Amino acid sequence: MTEQNTLPTIAILGGTGKEGPGLAKRWASVGYKIIIGSRQVKKAQATADELNTRLGLQTVTGLENSAAARIADICVLTVVQAAHQAALESLREALQGKILVDATARVDFRDPKPPAPPAAARLAQDLLGPGVRVVAAFQNVPTRTLQQNLGQSLNIDVLVCSDDLQAAQAVMQLAQAGGMRAYYAGNLENAIVVEGITSLLICINSYYHIHTASIAITGLPVSSG
């Protein structure tokens with residue numbers, strides 16, 4: 001395990017839903033300090049306490065979203081699509097100087113269709129300005145799979161899009177630390193395609209009566225990532 005003090009602190013904003021705790025569990029289990037963010041401090045603290053209990057750790061804390069963002073090195077936004085813009089507006093100042101990972105896929109699970117451009121992450125970058133390095137990632141990761149095989153690799157590929165290659169590489173490392181494979185897939189304009197893949201996966205899950213459909217990239221050398 002990598003020494004914890006060499007790892008970035010991760011804030012998962014809107015981290016009390018379905019995806020946030022799964023990501024938090026995987027990262028905390030390999031030594032990352034995790035801050036669960038929520039609009040309600042008590043809700044954030046309750047989620048953090050539950051994760052610490054399950055993992056036998058004391059490294060997960062819970063704070064209000066803006067306080068979590070200010071402390072963290074990398075922030076991961078896992079709010080539902082209806083809360084996306086409001087969350088960004090409320091966090092604009094707290095996110096300055098940070099990497100923001102936007103995991104938003106603007107797809108209605110009841111009627112899944114690819115969203116219209118621009119991508120959620122492009123909207124985030126335009127709203128937050130150049131002081132925040134926005135990266136789109138984790139839109140296609142099944143939440144149930146994140147809870148499985150803790151400490152082992154997952155058969156999941158993560159497509160990472162950003163205008164800032166260095167920020168993208170930092171997020172690729174984060175995905176790999178969580179047991180996933182990660183690949184740079186271009187700038188934030190391309191993230192609209194990644195969001196659209198979510199609609200395909202929802203339809204596949206529905207047709208085959210599963211909850212764990214994901215994507216895989218083939219044709220690359222094993223060392224790529």
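How many cavities of 30 Å³ or more does the count come to? The count comes to one such cavity, where a cavity is a set of points on a 1 Å grid over the protein atoms alone at which a 1.4 Å probe fits but cannot get out.

This is a predicted model, in which local features need pLDDT of at least 70 and side-chain atom pairs count only at pLDDT 80 or more, while totals for chains, interfaces and linings use all residues. Residues are numbered from 1 along each chain as its sequence is written, and side-chain values use heavy atoms, with hydrogens and water left out.

View 1. The largest cavity has a volume of about 30 Å³, a volume being the space filled by probe spheres set on grid points that are joined across faces, edges and corners. Its lining residues (those with an atom within 4 Å of a point) are Phe 138, Gln 139, Asn 140, Val 141, Asp 157, Val 158, Leu 159 and Val 194. Strand S7 (residues 157-162) gives the largest share of this lining, three residues; strands (E, at least two residues) and helices (H or I, at least four) are DSSP runs, numbered from the N terminus. By class, the lining has five nonpolar, two polar and one charged residues, with Ala, Val, Leu, Ile, Met, Phe, Trp, Tyr, Cys and Pro counted as nonpolar, Asp, Glu, Lys and Arg as charged, and the others, Gly among them, as polar.

**View 2. The largest pocket.** The largest pocket (a pocket being an open set of points with protein on both sides within 12 Å along at least five of seven lines) has a volume of about 1200 Å³. It is lined by 40 residues, of which Lys 18, Glu 19, Thr 78, Val 80 and Phe 109 are the closest to its centre. Strand S2 (34-38), helix H4 (84-91), helix H6 (143-146) and helix H8 (191-208) are the elements that give two or more residues to this lining, which divides into 17 nonpolar, 17 polar and six charged residues.

**View 3. Asn 65 in helix H3.** Asn 65, found in helix H3 (residues 65-71), is buried at a relative accessible area of 9%, where buried means under 20%, exposed over 50% and partly exposed in between (1.4 Å probe, protein chains only). A polar atom of the Asn 65 side chain lies 3.2 Å from the backbone nitrogen of Gly 14. Leaving aside residues up to four places away in sequence, Asn 65 touches Leu 13, Gly 14, Gly 37, Ser 38, Arg 39 and Leu 91, contact meaning heavy atoms within 4.5 Å.

View 4. Helix H5 (residues 120-128) is largely enclosed by the rest of the structure, because seven of its nine residues are buried. These buried residues are Ala 120, Ala 121, Arg 122, Ala 124, Gln 125, Leu 127 and Leu 128, and what covers them includes H4, strand S5 (99-102), strand S6 (133-136) and H8. Just after H5, Gly 129 takes a positive phi of about 85°.

View 5. The structure holds zero disulfides, a disulfide being a pair of cysteine sulfur atoms within 2.5 Å. The sulfur of Cys 161 is 19 Å from the closest cysteine sulfur, in Cys 75, which is too far for a bond. Cys 75 is buried at 0% relative accessibility, and Cys 161 is buried at 1%. Asn 190, in the loop between strand S8 (181-184) and H8, touches Cys 161 and Ala 185, not counting residues up to four places away in sequence, and is partly exposed, with a relative accessible area of 35%.

Methods: A polar contact is a pair of N or O atoms within 3.5 Å; within protein, one must be able to donate a hydrogen and the other to accept it, and residues adjacent in sequence count only if both atoms are side-chain atoms.
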